[in-house]
Amino acid sequence: MSQQKPVVGVSEAVSLLFIFISAKIFLTQLIFSIHLGMNATWIIFLVLIFIGLSGVLLLVFLLNRFPGRDLVQVGEELVGPYINALFALFYLAVFVVSAGATLRGVSERMVVGFLPDTPISLVTFSFIISIVVVSYLGLETVARTARFLASLLVVTGLGLIALTIPLWNYSALFPFWGPGIPQLLWGALENTGDYVQILLLGIIYPFLPGGNGKKVGVMAVSISGIVMFLYVLAPILIFTYPTVSELSVPSFEMARNIYFGRFGQRLEVLFLPIWSLSNMIYLAASFYAGAAVLTRLCRLDDYRPFVLSMAVFVTVVAFIPQNVTQTAYWYFNYVTRYSFVMLIGVLLFLLLVAAFKARGGDEGV
Amino acid sequence: MYNAHLSKVLRKALMVVMTGALLLPLAGCYDYTEPDERAWVMAIGVDKGRQNVLTVTSVVAVPKAIAGGGGQSGSEGGSGQGGFFTITFDVPTLLSTLELINTVVDRRVSLSHTKWFVFSRELAEEGIGAYVAPLVRFQQFRRSSQLLICEGRAEDFLTKGVPQLEDNVGKYYELMQQGWRYTEFIPFDSFHQFYYKSENPGVNPVAPLAARGAKETIYTDNSFKPKGYYQAGRIPRKGGSEIEIMGGAVFKKDRMVGTLNGDQVGVQKIFFGAMKRTLLNVPDPYHPDKYIIVDVLPRQKPRVDINITGGRPKITANVKLEGQILSIQSGENYERPDRLYIVEDAVQELIFEDINDTIAKSKQLDADFLGFGLHAQKLFPTWPQWSAYNWEEKYKDADITVNVDYKVRRTGLVHEMVQLR
């Protein structure tokens, strides 16, 4: 794609994909699932782990039939450039829209929570600059940054949850089934888009050590699932339903609520990295992935010019919504609700075509 | 060759420029502020307004006085009010004060260190939801702060509430708030607990009750009154700080519906596992004019079992406590293993009475501030079924049985006391 083929190790890929999937828990999007699942939203996130794993297995099953190729190349080989262009635009839309909503969401969060006097344009610009630098330097840089910061994020993230244990009310788990089992299953279906980010695996697949795609996908989805589950469960236990459904960013309120006497309080600044760094890695990966899709779509060799294009696309999308509420609602309505189902539809279609053409029978998993 | 070199140089130059651009906003040019250019509001008091909808009193810390700077005694610094000054505005909404203060105070005012939000009882009885709800959205507000209800005007309460031991009024408020750890008479709920309990159908919130100390004699006889009989504004005392916190204000939705005395708050804390330790004056069974003094601490969180038969809740609460004998005024030898049960039974009876008295109060107020509803919701598989049951309506018909089990574990520094001759 660029002059040199990047090399991404298993732990780097797992870290990247894990952060890419789970960064959204630090934004408002999470709240919509609580509206659906009430105090039992954690069950939705347990169900979603299995849905995410199914998606990964399907993706890997397809990609393993075409070693050394990414999802865009596989699509082109199977359905030709024209139909595949539609699929590629769908992948691009997922990356751009999600990144736009995330950029807006995280910038708004910084303004509301930490920098109330700073114009959002400056906050956004700061994010964009750093993200462009990282993604311009390529997949290896993005993945290594993710690997480098993953430990910090996991330790800080789990530390945040551990410090809130004294605030947990276990009665908040009841009524156990929340809105009821059918509504929970419906809630899981409505939130499948939480795992549409497995799409990144389809883009970076050729750069992973041979035969490790499945391992990377399964590990990343499992770790993300557990982290998202914890970050849904903890606010429910702390704030209880229905209060938890009011919060714009539950993890932020969790951090602000930590109180261990006069000196053990006001700790949210300690946890600032989990909000900013996780979303910066998410955005850097989105920029790279979007640029990579555009590169394939245009049949070019170098992704780098498209990183700047992605910066423009994402910034434009970020500022289309008039306010932060609209951003969150649009993300839920267009990405969280439908994107995963559409991705699965594309994958199944490609698999059907592959089967029809009887391609790659000997190379299957 | 030359082009490649130029490209490398340009790339490096671009990286330097981009990194520099990245560093620029880190200095926080917009949100830059010096601590000595801020005025920190430590407490806010809200009363019914005289010239507008609300009268809002802000307690602003005087850092110079807190630090004891300039050789002054800290508590006499600033305005001479214990490291703070108060400022009162009549305003249409609570947050309007924040902007108005800056017409008077030179430093930019911030609520990010505010420890107390004090509402007058008069306002609380009308409902404080409209004033509390905007706070939770406000970036400077913290749910770990404390909401108090005060007898009389919050304005007077805060203005006169000068700390005696502290120069730092913020520390004073915070330590007063943490008093719930050392006395059973102060509710443990911070704003966080108060707020979520206000929205949860299975429990009603209790806010600490505060008041200025009474100047006149309150009780005209010297008959025995349990120490938890008192509540803020009715504690017979002389000296100490002008303000006191004891007892609780019970809320239904956003309205205050009644008060609890110290003992009733203690019982509420037992049921939420928040009671740490209390001293109990137990009438001596064999010497009616004497008392056995024991300390009481929870052995485990109370077990609450609820059955619903015919739509009516039947609640059984098992309270397990333990403690040590601190004093036996009569000198009666209760410490022997075969006689300890006498003390245990007497303690159990007293706590049983306290709990039943508190339950009666909760039924009288028709407010489940003991949180039985939080146990009842376990019986319902789904939230719609729980909502449909309408616990708030059913609670007053609940049949509640209480079992208390107290065990004496220690007898203090005395093994067996010798009778006086």
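Tutor: Let's start with N318(B), whose bridge partner in β14(B) is N403(B). That bridge belongs to a parallel pairing of β13(B) with β14 (residues 399-410) of chain B, which runs over eleven bridges. Strands here are DSSP runs of E with at least two residues, helices are runs of H or I with at least four, and both are numbered from the N terminus; two strands pair if DSSP finds at least two bridges between them. A word on ground rules: this is a predicted model, where local features need pLDDT of at least 70 and side-chain atom pairs count only at pLDDT 80 or more, while totals for chains, interfaces and linings use all residues. Residues are numbered from 1 along each chain as its sequence is written, chains are lettered from A and ligands numbered from 1 in the order in which they are written, and side-chain values use heavy atoms, leaving out hydrogens and water.

Back to N318(B): R303(B) stands opposite this residue. That takes us to β12 (residues 303-309) of chain B, which is joined antiparallel to β13 (residues 312-328) by seven bridges. I308(B) has P313(B) of β13(B) as its bridge partner. β12(B) and β13(B) form a hairpin with two residues between the strands, and there G310(B) takes a positive phi near 60 degrees. β13(B) also pairs with β11 (residues 287-298) of chain B, antiparallel and over seven bridges. In that pairing, V294(B) sits opposite I325(B).

How far can you trust the chain? Chain B has an average pLDDT (the predictor's confidence in each residue, from 0 to 100) of 89, with 93% of residues scoring at least 70.

Elsewhere in chain B, have a look at T114(B), in the loop between β4 (108-110) and β5 (116-120). T114(B) is buried, at 7% relative accessible area; buried means under 20%, exposed over 50% and partly exposed in between, using a 1.4 Å probe and protein chains only. A polar atom of its side chain lies 2.8 Å from the backbone oxygen of V41(B), and the side chain reaches the backbone oxygen of L111(B) at 2.9 Å. Leaving aside residues up to four places away in sequence, T114(B) touches V41(B), M42(B), A43(B), I44(B) and S145(B).

Finally, the open space. A pocket is an open set of points on a 1 Å grid over the protein atoms alone, with protein on both sides within 12 Å along at least five of seven lines, whereas a cavity is a set where a 1.4 Å probe fits but cannot get out; lining residues have an atom within 4 Å of a point. Points are joined across faces, edges and corners, and a volume is the space filled by probe spheres set on them. The largest pocket holds about 990 Å³. Its lining has 39 residues, with P166(A), L167(A), N169(A), F188(B) and Q193(B) nearest the centre. The largest share of that lining, four residues, comes from α8(B).

Note on methods: A polar contact is a pair of N or O atoms within 3.5 Å; within protein, one must be able to donate a hydrogen and the other to accept it, and residues adjacent in sequence count only if both atoms are side-chain atoms. Contact means heavy atoms within 4.5 Å.
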